[in-house]
Every structure is written in structure tokens, then in C-alpha cells.
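Here's a quick tour of this protein's fold and its charged side chains. Have a look at the model first, then read on.

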Amino acid sequence: MELIGSTMTATYARPKTSHFLPAISTMASSYRSTLPALAANPSANQWRTNGYYKTGSAIPSLASAHRENLDLVRAKTMFYPSNRTALTTRYTPDDWYKSNQSNYRESESSRNSAERLRRDTMRLMQDKDQLTRRTQEHTSKNIGERLNDIVFWRSELSHEIDNMVTEIATLTEVKRRLERALAETEGPLQVSQECLYHREKRMSIDLVHDGVEKDLIREVEVIKSCQERMRRHLDRAIAQLASNRAAQHELERDMSDKVTAQRIDDRCHHLRNTSDGIGYYRGIDRLDPSLSLPDSWSKFTDDNILLSQSERASSHKLRDEIEVLLNTTSNEMWNQFNNVNVAFTNRISETADAKNSLQTHLAKTLQEIFQTEMLVDSLKRALRDKECPLKVAQTRLEERTRRPNVELCRDNPHHRLVGEVREIEDTIQKLQERLAEAEHTLQTLVKTKVTLEHDLSVKANSLFLDQEKCMSMRKSFPSTPRLVGYA
């Protein structure tokens, strides 16, 4: 009995698998390998497990003894490995039923788990998709609000820049009038001094300290006092222009930054999931290059505008003071001039030619000074024109430093940009050198003008030694429009 129920595996038998039921090939071999000896004895062909015999009666019967004899004979005569393998791999119908039920339950459990996972995953995907869309819409809304803020401050800056540019132009014109008025006082001052000089040449009893000489001395004092006040206001105007231009520079720089920020934010605002140019920038969320907060950002622009408004108010006040000064000095010099002319009515004709000659040379010098000033302005404008190309080249270099990873290549555009920056900087340096030369030449011209005026006045005095020369010089006293700075 134990011999038939024992497991014997042939050398060609297949390896055991992890399935609950045996392999199909093993089951099939059991049906194909039916022996004739077993077919002749149907009762011997029925397979029984060892438990079947163990559960039987302990007292063997005649039939059982007969079956034992047949089993012993079969064990001695039939030793085919295929038959033994087929017999040892059989299961009961209950095992087969339980295996099917187990597979059914496992399949149903797997399907239920997969269905729950699918439902949960779809719900998660929908929730996250909605959350992503809401977050992106909220971010786009914030960028749009930021763009509105930038547009508002840009309009404020633009308005203030226009006002400042107008104020600078007006103050510059007033300053030029003041400079022309100051230059015009040189002629009357020289005339008065020449009159005193000529009157010092009087001899004998005529060399007296009379009313004419007192009026001449008083006239010199009035002109010098007017010149001193003009110079003080001219220095104030120059300083105020510098402050105005500094405020304008801050406004324009703020405007330029806001134009750049608006362009970037506008591009970001119009970016969509289907837009070109979007990509991964790993670690960018951990990078915080911010230099300001919304409050400090708006306060910065507001402070610039307030500073510009304060400078414009100071500039407007200074212009009013200069206008009052020009009218006052013009009236004072004209009144004193008329008082002196009462004593010099007979000395007009002989001084006219000297003063005309003086004015001719003075006009040429002033014209050259004006052309040199225009050259200085042209050089300054050329320097300002080089700022934008330099900014473009440097901005391109700075933008290209943001290329990721191996894209940060020292390519031909990089070398060309570096060369362009150096070329522009060299151009700026040469222009600055030429500007310094022009300014030095302008100073030399101004000094030459003063020297020429003095020399011409001395020559005019040398040409006209007569008593009539003093009044002749005084005939060329500047008119009221010229004394207030109008050409």
C-alpha cells in the first residue's frame, strides 16, 4: 500500500509549479498512459489515497486481502514512472471546487481593489486638475493686478517726467537769460569804469570830485551789486538744474525698470499651457531674488514722484525769484544810467564807435562761446545716446547668463557682445575726453572774452582821450530786454 502511494518522480518529469492545481501536461499524461493490465481489472484502475485505506476497518476482509495481493503484484510488475506521476498528482473534487472558489474570490477581490483604486485615482486626478486650474487662474489674476499697478505707476511717472522735462527746459531758458543778462552787465560796468578812468585824466582845475564822478562811482557799485546777485542766483540755478536732472534720472530709471517689469509680467500673464517657450526651471521656486515688498515698491516710486514734485516747486520758486531779480537789476541800472547821462549829454557821439567796436568783438566771442556750448551739448547728447546701446549689450549678456546647464556656452554671440560692450565703453571714454577738451576750450573762450572786453575797453579809451569819450561809451548801454536776458 505504501509502495503505491509513495511519490516517485522520473528523471524526465516536469518541475513542480507554484499553482494550486497540477500542470495540464501532467494531468494529460495520466489519461494517455492507461495500461492494459489495469484496463483488464477495473477495480484495480481506481485510485485511492492512503487516507482512504486508513479510514477503513482495522480487520481486513476477504476483498481487501484480494486487493492487497493484486496491489503487490501490480507493484512488482508495473513500474512506469508516467503512471505513478499521474496518480500522485490527482486531487479530490472538493479540492478542485475549493480551488475554483478561491480563484473566484481572489479575482473578485482584485477587481474590487482595482475598481476602488481607479475611482479614487480618477477623483484625485480631477481634484488636482481643478486645483491646478484654480491656482493658475488665481496666479494669472494676481499678475494682471500687478500689471494694473505697474501701468498706474507708469502713467504717474510719465506725467511727472513730462512735467520735470518742461520745468528743466524752462529753468534752463531762464538760466540762459540770466547768463546773458550777467554778460550784458559787463559792458555797462566797463563803460562806467572807463568813464572814471578818463575823468582821472583830467588835469588842473577840472580834476574835481563832482556830481558826475559821484554818479559814476554809484553806478559802478550798482552794477557790481547786480552782478553779485545774478551770480548767486546763477549758482542756485545750476545747482537746481543738477537736482532736477537727478530727480529726472531717478524717474526715468524707475520708468525703465517698470517698462521692463511690465514687459516680463505681460508675457507671464499671457503664458498658457499651450504657449511656446515654457519649460522646467528646477529649483527656481527656492530662489528669491526679490529686493522689495509691495509696500516698499510703491513707496519707492511715490518717494521719487514726491521728490520730483518738491524739486519742481523749488525750481518754480527760483524762476520767479530770477524774473524779479532781472527786472529789479534792469530798473536799477537803467535809473542810475540815466542819472549819469544827465551830466554827459555832450559826450555821446565820440564814444559810439568805440562801443560798437567793443560790441563787435564781444559778439564774435559770444558766438564762439555759444557754438562751443552747442558742441558741449552735442557731446553730452552723444554720451546719452550711447547709454541705451550699452544697456542693451549688457542686458543681453546678463540675460544670457540665465541659460541653463550646458546651454551657458561661451559662443560667438557671447564674444561679440563682450566686444560690443568694450567698444561702446571705449567710445564713451573718447567722447568724455573730447567733452573735457570742449569744456576746457569753453572756459578758455570765456576767459578770452573777459580779457578781450577789458583789452578793447582799454583800446577804446586809448583811441578816445577826449572829454566826450565817456558819454560816447555810455550810448551803448544795453536795452531793457537785453538786461533781462532776451537776445
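## Ground rules and overall fold

A residue counts as buried under 20% relative accessible area, as exposed over 50%, and as partly exposed in between. Keep in mind that this is a predicted model.

The protein chain is built from 14 helices and 0 strands. Of its 487 residues, 30% are buried. Take the contacts with a separation of 6 or more: 89% of them are between residues 24 or more positions apart. The chain exposes about 32400 Å², with carbon and sulfur atoms supplying 55% of that.

Searching the whole structure turns up 23 salt bridges. One of them pairs the side chains of Arg 236 and Glu 321, at 2.9 Å from N to O. Arg 236 sits in helix α9 and Glu 321 in helix α10, so this pair ties together parts 85 residues apart in sequence. Glu 321 has a relative accessible area of 25%, so it's partly exposed; Arg 236, at 40%, is partly exposed too.

## Bridges within a helix

Lys 299 and Asp 303 also meet in a salt bridge (2.9 Å, N to O). Both belong to helix α10 and are 4 residues apart, about one turn of the helix.

In helix α12, Asp 426 and Lys 430 have that 4-residue spacing, and their salt bridge spans 3.4 Å, N to O. Lys 430 is exposed at 52%, while Asp 426 is partly exposed at 35%.

## A positive patch

Arg 245, Lys 380, Arg 381 and Arg 384 form a positive surface patch. Helix α11 gives the most to it, with 3 residues. Arg 384 lies in that helix and is partly exposed, at 47% relative accessibility.

Definitions and conventions: Residues numbered from 1 in each chain as written. Predicted model: local features only at pLDDT ≥ 70, side-chain atom pairs only at ≥ 80, totals over all residues. Heavy atoms only, no water. Patch = residues over 30% accessible without salt bridge, like charges linked within 9 Å, V, L, I, M, F, W, Y side chains within 5 Å. Areas by Shrake-Rupley, 256 points an atom, 1.4 Å probe, with all protein chains shown as cover. Salt bridge = Lys/Arg side-chain N within 4 Å of Asp/Glu carboxyl O. Lys, Arg positive; Asp, Glu negative; His and termini not counted. Charge placed at Lys NZ, Arg CZ, Asp CG, Glu CD. Helix = DSSP H or I, 4+ residues; strand = E, 2+ residues; numbered from the N terminus. Buried < 20%, exposed > 50% of the residue type's maximum accessible area, 1.4 Å probe, protein only. Contact = heavy atoms within 4.5 Å.
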